[in-house]
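Subject: Structure for you to look at

Hello,

Here is the structure I promised to pass on.

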Amino acid sequence: MDEGILAEFLAESFENLAQVEHDLVALERDPEDRKRIGGIFRAVHTIKGTCGFFGFKKLEALAHAGENLLSRLRCGEIAFTPSLADTLLRLVDALHAILSAIETTRQEGDQEFAPLIEELVHLERAPSGAAAPPDSPSTAEAETGAPPRGGLLDPLIAEGRLDPDAVALAAQQQRLGDPRRIGEILVDNGALKPQDVLDALLARGEAPALAHGESTIRVDVELLDLLMNLVGELVLARNQLLQKVASSDLADLPGTTQRLNLITTELQEGIMKTRMQPIANLCNKLPRLVRDLSIACGKEVRLELEGIDTELDRTIIDAIRDPLTHLIRNAIDHGIETSEARLARGKAAEGRILVRAYHEGGKVHLEVTDDGDGLPIARIREKATRAGLVPAERIPRMSDRDWAQLIFQPGFSTAERVTNVSGRGVGMDVVKTNVERIGGAIEVDSQPGRGATVRIRIPLTLAIVPALIVAAAGERYAIPQVNLLELIRVEGDLASISITTAVDASLLRYRGGLLPLVDLRDALHVPADDAFPTPAGARPIAVLQADGATFGLVVDAVETSQEIVVKSLGDPLRQIPVFAGATILGDGKVALILDVPGLARHCGITVRGHAAMEEVVDETPAPVVPTQTLILCRAGGYPVAIPQSDIARLEEFPRGTIERLGERRVVQYRGGLLPLVPLAGLLGIGPDAALETAAEAPAGGASLQTIRVVVVEREGHAIGLAVEEIVEILEEPVVPEVSSRAGVRGSAVIRGHATDLLDLEALLASSGQPAMAAGA
Amino acid sequence: MEGERVLCTFRVAELFLGLDIASVQEVLRGQEVTRLPLAAAPVRGIINLRGRIVPAVDLRRCLELAPAPESLEPATIVVRGPEAAVSLLVDDVGDVMTVSEETFARTPETVRASARDLLRGVFPLEDRLLLELDLGRVLRAAYA
């Protein structure tokens, strides 16, 4: 038996079954769609015809029974009913099971399908007694010796690639007791080339895309031609270069190099295209999933697919299969209400799930929207608060949207009951982890009572990723940018800036929290007496994030940021947990790619471990200063920090909108007049540069076209403090040193600068500024 | 001819070794090895073989021999492993030799024990002993 033909048969059959499944589910909605019934019949007929060629008896018997039933269905002799759909879907499952067994073992497997065949026969015969059971094509063929009807051979004969006499001869041989299938006889007799059989199989493939997850893909011949052409060009350019170098004729070196560059880029794009697959391959299974799940959950759900032509690298398609399935599961189980509940709320009885894919900003967006009940924000809030998932000081600032994102936290489930579909508190965090593992991001939007949308943004490919190249102990390493939060450099050597704790880890005070530090040299067990001594003085720290844990990686040097081509380390080196692969840098040398989640695990950094370390630190006598959120701005040229709790809003006004009212400056704001006060003037620390009106600004001066205003509310009145710049919002543990100046609570070192911390209450009380009535 | 074997020979410390020519893909010199931390000790690192990442196994470490002197620039023999190509770092590459299968013998006890486990057997030559490596065992030992 020819392995190539068999593989092709399997690939084609898996595809056809996926389509049949799809069509059956669609037929349930529209039982009169004759085209679909015809398609289903043809697909099953094809499987039957071809497996006869290979001699798979069990598969043939099953497909045969199915074909007979479908044939009557196609003629309209029996009606398409839900129970018929059920049986046919089970037929699809059974065919799939046998094909899978053939794929792995080359045998049909031990499973018995007699009851199913009986059921198919029963359904075929039961309803209308008028028509006699139609002649089964295969019986007819065995009796007459005619080639399989609608099988492989007809088109080959039609194309003149196969002599009808040879077929008759083969049939004759069969009648004389030759046990081989007719196709085998033809190939063995030399009447038929295996390649022709392959072509015939290919030509019959109705859905050209590959659905089943195996290791082959089909590539457009035109694309292959283009690639061949490019490779030719590449060889030409190489020869030119070699020639030039050999003869030391470097006259047009830049030209040739430029050509080489263009060819390489085009070749790279072309090769990438061969790996692209439409998302449709991913979505083929969804209608069946939705059907089965909605029956299991006792709900009515309609699935809509949009943008399924959107293409993605097939590794990514494989990687998001499970997350997508899970999201749909969740939407049906938790999101969509039962029909009664929906009707009571004035919605259509049938729920709707929309899966939508589209390109935007160089990424693929995948959305799963349901029109169910939305997320139970109140319950999420209650549960998260009880479980202490959110720091107490952050709770007042959490919007509903912020709360909704908590469903991605490990161990979080608000399902009131555990069903066999979902609700065990594992799931959404796994979805998030899987999505992030391929460099994607996930978020959820919810409208109470109207539904929820989960959005996934994923890169087009995993083969080329942007990365930061760092150096440690004489080697270079690539850190994927997805894991990189920021780069920091801390003056002074590590021992002096970090706190060592009982758990034997270095921690760095960072953005109001504690950042565990890992030295890449230590993590990779580079011997201390290496030929590459640890550089003295400050070393850069890459702040990395993976699987919810944040840590700082201390490296020797940061080199550059570039796109790298990911190459596998291959077995068995792949088992080293801290490397995701390797890449070849511009100079031809190899750099290992760090697997940041693996590195974090290797170094014992987990979300929980991080929390434990914070606790350990909390127990040490050194007081841990509570953090507060500060708005850092600039007034009169000096940095000033305002506690966020004192601030109502941050606004920007075009300079031209400032109006003068006597000595006061105001701006029309929310239907009233907002008095503006330059903060620098209020503090007496410099010129009121922030508030020059357009006319007052020095000609050609550096004044910006907008002014930045911190709106504060006091006793129900709003007042705008004009500043030169709003630098950033930060969470900082601040121990202010006491100040005697009015309106200043004290000073602290923030970002390396002495910064005044405002006491707005006192400042405004002392200034006696008039204010606008809030909400006026 | 029947009963003859063709071996690619090379030297590691004082050992004169050979591998069946069919398993050797190519011989390279001056390959830069990128260190691979956390790998098994015999895996010195990885090399860039025309855009493919290939592990570099240090035969000295496999055979538990002393490290090569700093001045020695190892040669690289790329072999076809069971899954993918692997490069073996050796001290020096010798000739391709044809030996008679009839002279093949079990590894004598005089060969150091650490090496004995990785050998298929020996071919006694006129002036010395040619030790035939068992590639499967070498690779298993390398990745252990």
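Chain B holds an open sheet of 5 strands, in the order 9-1-2-11-10. Pairing in this sheet is mixed. Keep in mind that the model is predicted. Strand 9 (92-100) and strand 10 (119-124) of chain B are the edge strands, each pairing on one side only. From one strand to the next, the twist averages 35°.

Start with the hairpin. Strand 1 (residues 4-12) and strand 2 (residues 15-20) of chain B run antiparallel, paired over 6 bridges. Phe10(B) has Leu17(B), in strand 2 of chain B, as its bridge partner. The hairpin leaves 2 residues between the strands. There, Ala13(B) takes a positive phi near 50°.

Then move to the next pair. Strand 2 of chain B also pairs with strand 11 (residues 129-133) of chain B, in the parallel sense. That pairing covers 2 bridges. Which residue of strand 11 of chain B is the bridge partner of Leu17(B)? It is Leu131(B).

In short, strand 2 of chain B pairs antiparallel with strand 1 and parallel with strand 11.

Best wishes

Terms used: Residues are numbered from 1 along each chain as its sequence is written. Chains are lettered from A and ligands numbered from 1 in the order in which they are written. This is a predicted model: local features need pLDDT of at least 70, side-chain atom pairs count only at pLDDT 80 or more; totals for chains, interfaces and linings use all residues. Two strands pair if DSSP finds at least two bridges between them. Helices (H or I, at least four residues) and strands (E, at least two) are DSSP runs, numbered from the N terminus. Axes are lines fitted to C-alpha atoms, for helices over the stretch in contact, and angles run from 0 to 180 degrees between N-to-C directions.
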